[in-house]
Amino acid sequence: MSEKKKTEEKGITVKKEKNFNEWYTQAFQKADLADYTLVSGCVVFKPYAHTIWDKIREETKKRLNKMDVGEAYFPLFIPEKLLEKEAEHVEGFSPEVAWVEKAGNTKLGERLAVRPTSEAIMYDSYSKWIRSHRDLPLKMCQWNNVVRWEFKNPVPFLRSREFLWVEGHTVFADEKGALDEDKSIMDMWQDICENYLALKGLRGKKSENEKFAGAVFTKSIEYRLPNGKIAQGPDFHYDGQNFAKAYSIKFIDEDEKEKFVFQNTWAISTRMLGVLIAVHGDDQGLILPPKIAPYQVVIIPIIFDKHKKELFKETDKLKQKLEKKGFRVKTDKRENYKPGWKFNQWEMKGVPLRIELGPRELEKKIVTVVRRDNGKKENVNIKNLGKKIKELLDDIQKQLLKRSEEKLKNSIKEVKNIKELENAVNKGKIGYAKWCNNVECEENLKDKTTGIKSLNMPEDKIGKAKGKCAFCDKEAKVYAYFGKTY
Ligand SMILES: [Zn+2]
């Protein structure tokens, strides 16, 4: 056996609970999701990861289609003068912008930014396209890559310098039109993340400090990872007229007056793959929710020479039968690997169900079905297999969301002061507190702790807090979640 096979056979060599960072690195590499390159912070998305991302895209596209959001593609390069038009926006992004300054040996007349996000380039076009109220609403998105040259330690998927996402940029004639989109976009993100990725997060409004650079307000869904750190998931930004004024996006309204438009931006990115790996995985590797798993079922024939032909035939027959019912099925008929090795490999890849078929099963017209999420095994009559597989996949999908919900719920700790907050966060918890939602208070909190900040504020509690802020002398206005982020 080659050296490579030997190491692969070992599986993941650390416990997730004990050394999460090392576990995560092994989990995505051994599941064949991604690999490092010579460019720090930029990874290869291998086909297995890209297929999962495609499932997220498929679901998002379906929903955006219904909302009449068109798909476009804008250039990767943004002229410096365009990027500089919105002051807060450029200030928020400038430390992370990668610049193109030369073509061959020739210095460019103007530096070009590699897009960190596309407001600047898109809104310059929007300002030419939008003339009248009849041009509105204008709803566009683009699926692309963006580059943010962060200097923090990169972590594949969770914090990388180049990542993939969809960025939506919608334009409305009035404030109400723009604000109405908030709920439909956030509901869409929540639906995809909960019902497809089986991930429960904290949905809410970001603080003044933590909102998107250039937005009036930002909403987000925040996810807790097993090491206690928080990853911001999909989001929605209401930009009001900030960009409209900076990029001169105006229209003639029905009353024949010239007005600035109202805008939103929103996104979901490949960071969710990182959250998916981190939240669901166990010591054996990934656990993928059936709805987004590239393969939902893997059929492994337990090969004995005497029965090989028959076993392979039955394996193919089962695959066809299940595929006809709409399941995504993989067979593993490789003869140079032992069944145990194959079991481990498909467990590492997180395939929700494994079907084992050996001579004993063949004779009795049954198969052994094993769940990836809890390891439970059962014999299933081949006649009822389709129905049983559906039941099991539905249940796995449900159980994974339930587990994620429970983990999140158990990690929230109500705190009454900075000391309690620090203690809670150091133990991997999310702090929950009455808060003034003040910029200085949040800055002070960051300084006095090791970088704890607000995650977001549950919307149903905004304006409902009574008494003093947990961290300063001001009156509390909201409840908010606090933690350390990726
Ligand atoms: Zn305060």
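Student: How many of the 10 residues of strand β7 (residues 138-147) are buried?

Tutor: This is a predicted model, in which local features need pLDDT of at least 70, side-chain atom pairs count only at pLDDT 80 or more, and totals for chains, interfaces and linings use all residues. Residues are numbered from 1 along each chain as its sequence is written, and side-chain values use heavy atoms, leaving out hydrogens and water. Buried means under 20% relative accessible area, exposed over 50%, and partly exposed in between (1.4 Å probe, protein chains only). Strand β7 is largely enclosed by the rest of the structure, because the number of its 10 residues that are buried is eight.

Student: Which residue stands opposite asparagine 145 in β8?

Tutor: Strands (E, at least two residues) and helices (H or I, at least four) are DSSP runs numbered from the N terminus, and two strands pair if DSSP finds at least two bridges between them. Strand β3 (residues 70-71) pairs with β7 in the parallel sense over two bridges, and glutamate 71 has cysteine 141 of β7 as its bridge partner. With strand β8 (residues 162-172), β7 pairs in the antiparallel sense over 10 bridges. There, the residue opposite asparagine 145 is leucine 164.

Student: In the open sheet of five strands, which strands stand at the edges?

Tutor: The order of this sheet is β16-β15-β17-β18-β19, with mixed pairing. Two strands each have a single partner, so one side of each is left without a neighbour in the sheet: these edge strands are β16 (329-331) and β19 (377-381).

Student: What angle does the direction of helix α13 (residues 385-411) make with that of β18?

Tutor: Axes are lines fitted to C-alpha atoms, for helices over the stretch in contact, and angles run from 0 to 180 degrees between N-to-C directions; contact means heavy atoms within 4.5 Å. Four bridges join β17 (residues 353-357) to β18 (residues 366-371), and these strands run antiparallel. Helix α10 (residues 308-324) packs on the sheet, touching β15 (297-301), β16, β17 and β18, and its direction makes about 165° with that of β15. Helix α13 also packs on the sheet, touching β15, β17, β18 and β19, and the angle between its direction and that of β18 is about 5°.

Student: What is the relative accessible area of threonine 315?

Tutor: Threonine 315 is found in helix α10. Leaving aside neighbours within four places in sequence, it is in contact with Ile299, Pro301, Thr331, Lys333 and Leu357. Threonine 315 is buried, with a relative accessible area of 0%.

Student: Which glycine in the turn between β18 and β19 has a positive phi?

Tutor: β18 and β19 run antiparallel and are joined by five bridges, with isoleucine 366 opposite asparagine 381. The two strands form a hairpin with five residues between them, and the residue in the turn with a positive phi, of about 75°, is glycine 375.

Student: How far apart do the C-alpha centres of domain 2 and domain 3 lie?

Tutor: Besides domains 1 and 2, the assignment gives domain 3 (412-483). The C-alpha centres of domain 2 and domain 3 are separated by 50 Å.

Student: What is the radius of gyration of the chain?

Tutor: The chain has 15 helices and 23 strands. The globule rule, 2.2 Å times the number of residues to the power 0.38, is compared with a radius of gyration taken over C-alpha atoms. For 486 residues the rule gives 23 Å, and the chain comes close to this, so it is as compact as a globular protein of that length, with a radius of gyration of 25 Å.

Methods
Domain bounds come from an automatic or database domain assignment.
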